[in-house]
Protein chains: 2
Amino acid sequence: MSYNGISTAILQRLPIYLGYLKALPDGAPDNISATAIAAALGTGEVQVRKDLASVSNAGKPKIGYITADLIDELEEFLGYKDTNDAVLVGAGRLGRALLEYEGFKAYGLNIVMAFDVDERATGKTSTGKSVFPLSKLENLCKRMNVKIGIITVPASAAQGVCDLMIKNGILAIWNFAPVHLDVPSNILVRSENMAASLAMLSGHLAKKLFDK
Amino acid sequence: MSYNGISTAILQRLPIYLGYLKALPDGAPDNISATAIAAALGTGEVQVRKDLASVSNAGKPKIGYITADLIDELEEFLGYKDTNDAVLVGAGRLGRALLEYEGFKAYGLNIVMAFDVDERATGKTSTGKSVFPLSKLENLCKRMNVKIGIITVPASAAQGVCDLMIKNGILAIWNFAPVHLDVPSNILVRSENMAASLAMLSGHLAKKLFDK
(Lines give C-alpha, C1' and ligand atoms only; values in the text may rest on other atoms or scores of the structure.)
Protein backbone atom coordinates (compact mmCIF):
# COMPACT_ATOMS: atom_id res chain seq x y z
CA MET A 1 0.00 0.00 0.00
CA SER A 2 1.18 3.50 -0.68
CA TYR A 3 -0.05 7.03 -1.04
CA ASN A 4 1.57 9.90 -2.85
CA GLY A 5 4.16 7.31 -3.86
CA ILE A 6 5.25 6.87 -0.24
CA SER A 7 5.06 3.35 1.17
CA THR A 8 3.09 2.63 4.31
CA ALA A 9 6.31 1.49 5.98
CA ILE A 10 7.89 4.92 5.51
CA LEU A 11 4.71 6.62 6.63
CA GLN A 12 4.76 4.58 9.83
CA ARG A 13 8.28 5.79 10.57
CA LEU A 14 7.83 9.50 9.80
CA PRO A 15 5.81 10.23 12.97
CA ILE A 16 8.58 8.54 14.98
CA TYR A 17 11.17 10.95 13.55
CA LEU A 18 8.81 13.83 14.21
CA GLY A 19 8.23 12.71 17.80
CA TYR A 20 11.96 12.43 18.37
CA LEU A 21 12.71 15.87 16.89
CA LYS A 22 9.95 17.56 18.86
CA ALA A 23 11.25 15.96 22.04
CA LEU A 24 14.78 17.37 21.67
CA PRO A 25 15.71 19.57 24.64
CA ASP A 26 15.64 23.36 24.30
CA GLY A 27 19.42 23.63 24.41
CA ALA A 28 19.96 21.25 21.45
CA PRO A 29 21.86 22.54 18.36
CA ASP A 30 19.78 24.08 15.55
CA ASN A 31 20.77 21.36 13.11
CA ILE A 32 20.70 17.58 13.23
CA SER A 33 22.16 14.87 10.98
CA ALA A 34 20.50 11.68 9.73
CA THR A 35 23.35 9.87 11.51
CA ALA A 36 22.36 11.37 14.87
CA ILE A 37 18.67 10.56 14.33
CA ALA A 38 19.51 6.99 13.33
CA ALA A 39 21.74 6.51 16.39
CA ALA A 40 19.09 7.90 18.75
CA LEU A 41 16.34 5.69 17.35
CA GLY A 42 18.48 2.58 17.00
CA THR A 43 17.86 2.31 13.29
CA GLY A 44 19.92 2.45 10.07
CA GLU A 45 21.35 5.70 8.78
CA VAL A 46 20.60 4.87 5.14
CA GLN A 47 16.96 4.27 5.97
CA VAL A 48 16.64 7.57 7.85
CA ARG A 49 18.26 9.43 4.98
CA LYS A 50 15.95 7.79 2.43
CA ASP A 51 12.83 8.31 4.52
CA LEU A 52 13.56 11.98 5.11
CA ALA A 53 14.33 12.50 1.42
CA SER A 54 10.65 11.86 0.69
CA VAL A 55 9.72 14.80 2.90
CA SER A 56 12.56 17.30 2.60
CA ASN A 57 15.37 18.13 0.22
CA ALA A 58 17.01 20.51 2.67
CA GLY A 59 19.49 17.99 4.13
CA LYS A 60 23.10 19.09 3.52
CA PRO A 61 26.35 17.14 3.91
CA LYS A 62 28.09 17.80 7.26
CA ILE A 63 25.30 20.13 8.45
CA GLY A 64 22.32 17.80 8.15
CA TYR A 65 18.89 19.35 8.58
CA ILE A 66 17.76 22.52 10.33
CA THR A 67 15.68 20.86 13.05
CA ALA A 68 12.86 23.44 13.13
CA ASP A 69 12.48 23.30 9.34
CA LEU A 70 12.45 19.51 9.30
CA ILE A 71 9.73 19.45 11.99
CA ASP A 72 7.76 21.86 9.87
CA GLU A 73 8.18 19.79 6.71
CA LEU A 74 7.24 16.57 8.51
CA GLU A 75 4.09 18.11 10.01
CA GLU A 76 3.14 19.54 6.64
CA PHE A 77 3.75 16.25 4.85
CA LEU A 78 1.85 14.22 7.45
CA GLY A 79 -1.14 16.52 7.12
CA TYR A 80 -1.10 17.55 10.78
CA LYS A 81 -1.34 21.22 9.82
CA ASP A 82 -4.67 20.97 8.06
CA THR A 83 -7.64 20.07 10.19
CA ASN A 84 -10.09 17.53 8.83
CA ASP A 85 -13.51 17.07 10.34
CA ALA A 86 -14.66 13.57 11.14
CA VAL A 87 -17.83 11.89 12.33
CA LEU A 88 -17.89 8.87 14.59
CA VAL A 89 -20.48 6.10 14.65
CA GLY A 90 -20.91 4.01 17.80
CA ALA A 91 -21.01 6.06 20.98
CA GLY A 92 -20.25 3.21 23.36
CA ARG A 93 -17.28 3.28 25.74
CA LEU A 94 -14.55 3.39 23.11
CA GLY A 95 -16.47 5.78 20.88
CA ARG A 96 -17.06 8.21 23.73
CA ALA A 97 -13.42 8.04 24.79
CA LEU A 98 -12.31 8.96 21.27
CA LEU A 99 -15.01 11.62 20.92
CA GLU A 100 -13.97 13.34 24.15
CA TYR A 101 -10.25 13.02 23.49
CA GLU A 102 -8.92 16.40 22.38
CA GLY A 103 -5.44 15.16 21.49
CA PHE A 104 -6.25 14.24 17.88
CA LYS A 105 -6.40 17.92 16.99
CA ALA A 106 -2.61 18.09 17.12
CA TYR A 107 -2.67 15.53 14.29
CA GLY A 108 -5.22 17.41 12.23
CA LEU A 109 -8.33 15.46 13.21
CA ASN A 110 -11.43 17.07 14.70
CA ILE A 111 -14.30 14.75 15.58
CA VAL A 112 -17.27 17.05 15.18
CA MET A 113 -20.12 14.76 16.17
CA ALA A 114 -21.13 11.17 16.78
CA PHE A 115 -24.05 8.91 15.94
CA ASP A 116 -25.57 5.87 17.59
CA VAL A 117 -28.49 3.55 16.80
CA ASP A 118 -29.41 3.51 20.47
CA GLU A 119 -31.47 6.61 21.31
CA ARG A 120 -30.33 6.32 24.94
CA ALA A 121 -26.76 7.04 23.84
CA THR A 122 -27.73 10.31 22.17
CA GLY A 123 -27.37 13.78 23.68
CA LYS A 124 -24.34 15.81 24.71
CA THR A 125 -21.08 14.40 26.09
CA SER A 126 -19.32 15.98 29.07
CA THR A 127 -17.15 17.94 26.64
CA GLY A 128 -20.18 19.29 24.78
CA LYS A 129 -19.99 17.08 21.65
CA SER A 130 -23.32 15.92 20.24
CA VAL A 131 -24.37 12.30 19.76
CA PHE A 132 -27.24 12.06 17.27
CA PRO A 133 -29.50 9.17 16.27
CA LEU A 134 -27.92 7.27 13.38
CA SER A 135 -30.87 8.23 11.17
CA LYS A 136 -29.50 11.80 11.08
CA LEU A 137 -26.13 10.80 9.63
CA GLU A 138 -27.17 11.18 6.00
CA ASN A 139 -28.43 14.72 6.39
CA LEU A 140 -25.65 15.99 8.67
CA CYS A 141 -22.72 14.33 6.90
CA LYS A 142 -23.72 15.78 3.56
CA ARG A 143 -24.60 19.20 4.93
CA MET A 144 -21.28 19.52 6.74
CA ASN A 145 -19.33 17.90 3.91
CA VAL A 146 -17.47 15.54 6.27
CA LYS A 147 -15.02 13.19 4.57
CA ILE A 148 -13.61 11.08 7.45
CA GLY A 149 -15.63 8.48 9.33
CA ILE A 150 -14.63 6.66 12.52
CA ILE A 151 -16.23 3.29 13.24
CA THR A 152 -16.52 2.15 16.86
CA VAL A 153 -19.52 -0.15 16.62
CA PRO A 154 -19.50 -3.91 17.33
CA ALA A 155 -18.01 -6.08 14.58
CA SER A 156 -21.44 -7.27 13.44
CA ALA A 157 -22.61 -3.71 12.66
CA ALA A 158 -19.37 -2.36 11.16
CA GLN A 159 -19.91 -3.21 7.47
CA GLY A 160 -23.39 -1.67 7.48
CA VAL A 161 -22.06 1.53 9.03
CA CYS A 162 -19.17 1.57 6.57
CA ASP A 163 -21.57 1.29 3.60
CA LEU A 164 -23.76 4.06 5.01
CA MET A 165 -20.76 6.35 5.45
CA ILE A 166 -19.53 5.79 1.90
CA LYS A 167 -23.03 6.40 0.54
CA ASN A 168 -22.95 9.77 2.27
CA GLY A 169 -19.64 11.03 0.97
CA ILE A 170 -17.07 9.64 3.44
CA LEU A 171 -13.76 8.96 1.66
CA ALA A 172 -11.52 7.74 4.50
CA ILE A 173 -12.48 5.40 7.34
CA TRP A 174 -10.72 4.83 10.65
CA ASN A 175 -11.97 1.44 11.80
CA PHE A 176 -11.77 0.27 15.41
CA ALA A 177 -14.10 -2.73 14.96
CA PRO A 178 -12.19 -6.03 14.82
CA VAL A 179 -13.49 -6.88 11.38
CA HIS A 180 -12.50 -6.70 7.72
CA LEU A 181 -14.38 -4.02 5.77
CA ASP A 182 -15.20 -4.29 2.06
CA VAL A 183 -14.88 -0.91 0.34
CA PRO A 184 -14.55 0.44 -3.22
CA SER A 185 -10.99 1.15 -4.36
CA ASN A 186 -11.31 4.93 -3.93
CA ILE A 187 -11.98 4.60 -0.21
CA LEU A 188 -9.17 4.25 2.33
CA VAL A 189 -9.71 2.09 5.40
CA ARG A 190 -7.22 2.23 8.23
CA SER A 191 -7.92 -0.34 10.94
CA GLU A 192 -6.57 -0.24 14.47
CA ASN A 193 -6.07 -3.74 15.73
CA MET A 194 -5.87 -3.17 19.48
CA ALA A 195 -7.16 -6.68 20.07
CA ALA A 196 -4.01 -8.03 18.41
CA SER A 197 -1.82 -5.76 20.55
CA LEU A 198 -3.45 -7.03 23.70
CA ALA A 199 -3.03 -10.63 22.57
CA MET A 200 0.66 -9.97 21.96
CA LEU A 201 1.17 -8.43 25.39
CA SER A 202 -0.58 -11.22 27.23
CA GLY A 203 1.05 -13.88 25.06
CA HIS A 204 4.49 -12.49 25.88
CA LEU A 205 3.61 -12.40 29.55
CA ALA A 206 2.29 -15.95 29.62
CA LYS A 207 5.47 -17.14 27.96
CA LYS A 208 7.79 -15.20 30.30
CA LEU A 209 6.00 -16.29 33.45
CA PHE A 210 5.85 -19.89 32.24
CA ASP A 211 9.56 -19.87 31.43
CA LYS A 212 10.48 -19.11 35.03
CA MET B 1 8.68 -11.06 15.13
CA SER B 2 6.87 -14.03 16.57
CA TYR B 3 5.69 -15.50 19.83
CA ASN B 4 4.96 -19.10 20.67
CA GLY B 5 6.14 -19.79 17.12
CA ILE B 6 3.23 -17.78 15.66
CA SER B 7 4.10 -14.88 13.40
CA THR B 8 2.86 -11.38 14.13
CA ALA B 9 1.01 -11.43 10.81
CA ILE B 10 -1.07 -14.44 11.91
CA LEU B 11 -1.63 -12.90 15.31
CA GLN B 12 -2.98 -9.77 13.66
CA ARG B 13 -5.51 -11.85 11.75
CA LEU B 14 -6.75 -14.08 14.57
CA PRO B 15 -8.79 -11.31 16.28
CA ILE B 16 -10.44 -10.62 12.92
CA TYR B 17 -11.62 -14.24 12.68
CA LEU B 18 -12.78 -14.07 16.28
CA GLY B 19 -14.66 -10.83 15.67
CA TYR B 20 -16.35 -12.34 12.63
CA LEU B 21 -17.36 -15.55 14.43
CA LYS B 22 -18.72 -13.68 17.45
CA ALA B 23 -20.76 -11.45 15.15
CA LEU B 24 -22.56 -14.35 13.44
CA PRO B 25 -26.34 -14.12 13.93
CA ASP B 26 -28.08 -16.34 16.49
CA GLY B 27 -29.73 -18.46 13.83
CA ALA B 28 -26.43 -19.40 12.11
CA PRO B 29 -25.50 -23.12 11.79
CA ASP B 30 -23.43 -24.65 14.62
CA ASN B 31 -20.48 -25.29 12.32
CA ILE B 32 -18.52 -23.16 9.88
CA SER B 33 -15.94 -23.94 7.20
CA ALA B 34 -12.66 -22.17 6.48
CA THR B 35 -14.10 -21.56 3.00
CA ALA B 36 -17.06 -19.66 4.43
CA ILE B 37 -14.84 -17.58 6.72
CA ALA B 38 -12.49 -16.76 3.83
CA ALA B 39 -15.39 -15.74 1.59
CA ALA B 40 -16.92 -13.51 4.27
CA LEU B 41 -13.64 -11.75 5.01
CA GLY B 42 -12.52 -11.47 1.41
CA THR B 43 -9.31 -13.40 2.02
CA GLY B 44 -7.75 -16.68 0.86
CA GLU B 45 -9.07 -20.04 2.01
CA VAL B 46 -5.58 -21.53 2.36
CA GLN B 47 -4.51 -18.70 4.64
CA VAL B 48 -7.57 -19.07 6.86
CA ARG B 49 -7.01 -22.82 7.12
CA LYS B 50 -3.33 -22.35 8.00
CA ASP B 51 -4.00 -19.57 10.51
CA LEU B 52 -6.69 -21.54 12.30
CA ALA B 53 -4.47 -24.63 12.39
CA SER B 54 -2.19 -22.79 14.79
CA VAL B 55 -5.07 -22.41 17.23
CA SER B 56 -7.26 -25.47 16.73
CA ASN B 57 -6.97 -29.00 15.38
CA ALA B 58 -10.71 -29.56 15.50
CA GLY B 59 -11.43 -28.61 11.87
CA LYS B 60 -12.90 -31.54 9.93
CA PRO B 61 -13.37 -32.00 6.17
CA LYS B 62 -16.90 -31.11 4.98
CA ILE B 63 -18.01 -30.09 8.52
CA GLY B 64 -15.42 -27.43 9.25
CA TYR B 65 -15.29 -26.14 12.80
CA ILE B 66 -17.88 -26.09 15.56
CA THR B 67 -18.25 -22.31 15.81
CA ALA B 68 -18.63 -22.11 19.60
CA ASP B 69 -15.54 -24.30 20.14
CA LEU B 70 -13.47 -22.28 17.69
CA ILE B 71 -14.45 -19.02 19.43
CA ASP B 72 -13.40 -20.63 22.70
CA GLU B 73 -10.06 -21.77 21.31
CA LEU B 74 -9.33 -18.38 19.76
CA GLU B 75 -10.10 -16.54 22.99
CA GLU B 76 -7.98 -18.97 24.95
CA PHE B 77 -5.09 -18.69 22.50
CA LEU B 78 -5.24 -14.90 22.37
CA GLY B 79 -5.11 -14.72 26.15
CA TYR B 80 -8.45 -12.92 26.44
CA LYS B 81 -9.63 -15.38 29.10
CA ASP B 82 -6.92 -14.58 31.63
CA THR B 83 -6.93 -11.11 33.07
CA ASN B 84 -3.64 -9.30 33.37
CA ASP B 85 -3.26 -6.23 35.53
CA ALA B 86 -1.56 -3.19 34.03
CA VAL B 87 -0.39 0.19 35.23
CA LEU B 88 -0.47 3.32 33.11
CA VAL B 89 1.95 6.23 33.27
CA GLY B 90 0.84 9.61 31.94
CA ALA B 91 -2.65 10.63 33.07
CA GLY B 92 -3.19 13.29 30.41
CA ARG B 93 -6.11 13.18 27.98
CA LEU B 94 -5.20 9.95 26.23
CA GLY B 95 -4.08 8.27 29.46
CA ARG B 96 -7.33 9.11 31.21
CA ALA B 97 -9.38 7.92 28.26
CA LEU B 98 -7.64 4.55 28.34
CA LEU B 99 -7.80 4.35 32.14
CA GLU B 100 -11.55 4.94 32.17
CA TYR B 101 -12.25 2.70 29.20
CA GLU B 102 -13.70 -0.57 30.52
CA GLY B 103 -13.67 -2.37 27.19
CA PHE B 104 -10.14 -3.75 27.52
CA LYS B 105 -11.39 -6.24 30.11
CA ALA B 106 -12.98 -8.30 27.35
CA TYR B 107 -9.45 -8.70 25.98
CA GLY B 108 -7.94 -9.69 29.34
CA LEU B 109 -6.49 -6.31 30.32
CA ASN B 110 -7.34 -4.54 33.56
CA ILE B 111 -5.70 -1.15 34.12
CA VAL B 112 -5.54 -1.06 37.92
CA MET B 113 -4.00 2.38 38.48
CA ALA B 114 -2.15 5.24 36.84
CA PHE B 115 0.78 7.50 37.67
CA ASP B 116 1.72 11.03 36.69
CA VAL B 117 4.64 13.33 37.47
CA ASP B 118 2.22 16.23 37.80
CA GLU B 119 0.68 16.21 41.28
CA ARG B 120 -2.33 18.10 39.90
CA ALA B 121 -3.20 15.07 37.76
CA THR B 122 -3.34 12.74 40.78
CA GLY B 123 -6.49 11.66 42.62
CA LYS B 124 -9.48 9.58 41.54
CA THR B 125 -10.96 9.48 38.04
CA SER B 126 -14.72 9.60 37.47
CA THR B 127 -14.73 5.79 37.32
CA GLY B 128 -12.92 5.50 40.65
CA LYS B 129 -9.46 4.58 39.36
CA SER B 130 -6.53 6.10 41.26
CA VAL B 131 -3.83 8.30 39.75
CA PHE B 132 -0.74 8.37 41.99
CA PRO B 133 2.40 10.52 41.90
CA LEU B 134 5.03 8.82 39.74
CA SER B 135 7.28 8.47 42.81
CA LYS B 136 4.92 5.74 44.11
CA LEU B 137 5.31 3.53 41.04
CA GLU B 138 8.23 1.54 42.41
CA ASN B 139 6.51 0.57 45.62
CA LEU B 140 3.07 -0.15 44.12
CA CYS B 141 4.23 -2.00 41.00
CA LYS B 142 6.34 -4.39 43.02
CA ARG B 143 3.80 -4.88 45.78
CA MET B 144 1.03 -5.67 43.31
CA ASN B 145 3.30 -7.69 41.02
CA VAL B 146 2.11 -5.90 37.88
CA LYS B 147 3.75 -7.05 34.66
CA ILE B 148 2.18 -4.82 31.97
CA GLY B 149 2.91 -1.11 31.64
CA ILE B 150 1.10 1.38 29.40
CA ILE B 151 2.95 4.53 28.35
CA THR B 152 0.92 7.63 27.49
CA VAL B 153 3.47 10.36 28.30
CA PRO B 154 4.92 12.82 25.76
CA ALA B 155 7.64 11.39 23.50
CA SER B 156 10.40 13.15 25.44
CA ALA B 157 9.51 11.38 28.69
CA ALA B 158 8.74 7.93 27.27
CA GLN B 159 12.19 6.29 27.45
CA GLY B 160 12.63 7.36 31.08
CA VAL B 161 9.24 5.91 32.02
CA CYS B 162 10.02 2.76 30.08
CA ASP B 163 13.30 2.27 31.99
CA LEU B 164 11.56 2.88 35.31
CA MET B 165 8.88 0.32 34.48
CA ILE B 166 11.41 -2.35 33.52
CA LYS B 167 13.41 -1.68 36.71
CA ASN B 168 10.26 -2.40 38.66
CA GLY B 169 9.35 -5.70 37.09
CA ILE B 170 7.28 -4.75 34.02
CA LEU B 171 7.77 -7.33 31.25
CA ALA B 172 5.45 -6.06 28.50
CA ILE B 173 4.91 -2.46 27.44
CA TRP B 174 2.05 -0.96 25.43
CA ASN B 175 3.46 2.27 24.07
CA PHE B 176 1.29 5.14 22.81
CA ALA B 177 4.10 7.71 22.68
CA PRO B 178 5.27 8.36 19.10
CA VAL B 179 8.83 7.30 19.85
CA HIS B 180 11.12 4.30 19.56
CA LEU B 181 11.87 2.62 22.91
CA ASP B 182 15.13 0.81 23.71
CA VAL B 183 14.50 -2.28 25.80
CA PRO B 184 16.35 -5.49 26.76
CA SER B 185 15.49 -8.54 24.64
CA ASN B 186 13.27 -10.13 27.30
CA ILE B 187 10.87 -7.18 27.24
CA LEU B 188 8.10 -6.87 24.66
CA VAL B 189 7.14 -3.43 23.38
CA ARG B 190 3.99 -3.03 21.32
CA SER B 191 3.58 0.48 19.94
CA GLU B 192 0.35 1.99 18.67
CA ASN B 193 1.11 4.39 15.90
CA MET B 194 -2.08 6.42 15.77
CA ALA B 195 -0.15 9.37 14.41
CA ALA B 196 0.65 7.32 11.29
CA SER B 197 -3.00 6.30 10.93
CA LEU B 198 -4.08 9.91 11.05
CA ALA B 199 -1.44 10.87 8.51
CA MET B 200 -2.71 8.15 6.20
CA LEU B 201 -6.31 9.28 6.49
CA SER B 202 -5.53 12.93 5.84
CA GLY B 203 -3.07 12.05 3.08
CA HIS B 204 -5.71 10.00 1.30
CA LEU B 205 -8.19 12.80 1.69
CA ALA B 206 -5.84 15.46 0.39
CA LYS B 207 -5.14 13.32 -2.64
CA LYS B 208 -8.81 12.55 -3.35
CA LEU B 209 -9.92 16.16 -3.00
CA PHE B 210 -7.01 17.37 -5.10
CA ASP B 211 -7.82 14.82 -7.83
CA LYS B 212 -11.27 16.28 -8.36
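In which loop of chain A is A:S54 found? A:S54 sits in the loop between α3 (45–53) and β4 (65–66) of chain A. Helices (H or I, at least four residues) and strands (E, at least two) are DSSP runs, numbered from the N terminus. This is a predicted model: local features need pLDDT of at least 70, side-chain atom pairs count only at pLDDT 80 or more, and totals for chains, interfaces and linings use all residues. Residues are numbered from 1 along each chain as its sequence is written, while chains are lettered from A and ligands numbered from 1 in the order in which they are written.

View 1. A:S54 is partly exposed, with 15 other C-beta atoms within 10 Å. (Buried means 20 or more other C-beta atoms within 10 Å of the residue's own, exposed 12 or fewer, partly exposed in between; C-beta atoms are placed from the backbone.) Leaving aside neighbours within four places in sequence, A:S54 is in contact with A:I6 and A:I10. Contact means that C-beta atoms, placed from the backbone, lie within 7 Å. A:L11 is 43 residues away from A:S54 in sequence, yet their C-alpha atoms are 9.9 Å apart.

**View 2. The open sheet of chain A.** Its 7 strands follow the order β7-β8-β6-β5-β9-β10-β11, with mixed pairing. Pairing requires at least two DSSP bridges between two strands. β9 (residues 148–151) and β10 of chain A are parallel, with 4 bridges. There, A:G149 faces A:I173 of β10(A) as its opposite residue.

**View 3. Strand β6(A) and its partners.** 6 of the 8 residues of β6(A) are buried, so the strand is largely enclosed by the rest of the structure. β5(A) pairs with β6(A) in the parallel sense over 6 bridges. A:A86 stands opposite A:I111 in β6(A). From β5(A) the chain passes through α5(A) to β6(A), a right-handed β-α-β crossover. (Right-handed: with the strands pointing away from the viewer, the path from the first strand over the helix to the second runs clockwise.) β8 (residues 130–133) of chain A also runs parallel to β6(A), joined by 4 bridges. A:F115 has A:F132 of β8(A) as its bridge partner.

**View 4. Two helices across the sheet strands.** α5(A) lies across β5 (84–89), β6 (109–116) and β9 of chain A, at about 145° to β6(A). α7(A) lies across β5, β9 and β10 of chain A, at about 170° to β9(A). Axes are lines fitted to C-alpha atoms, for helices over the stretch in contact; angles run from 0 to 180 degrees between N-to-C directions.

**View 5. Chain A against chain B.** A rotation of 180° with 0.0 Å of shift along its axis superposes chain A on chain B, RMSD 0.1 Å. The two copies are thus related as by a two-fold rotation axis. In chain A, the C-alpha of A:A97 is nearest the axis, 2.7 Å from it. Superposition is by least squares on C-alpha atoms of residues with pLDDT of at least 70 in both copies.

**View 6. The side of chain A that touches chain B.** 61 residues of chain A are in contact with 60 residues of chain B. Elements giving two or more residues include α1 (8–22), α7 (155–167) and α8 (194–211) of chain A. α8(A) supplies the largest share, 14 residues.
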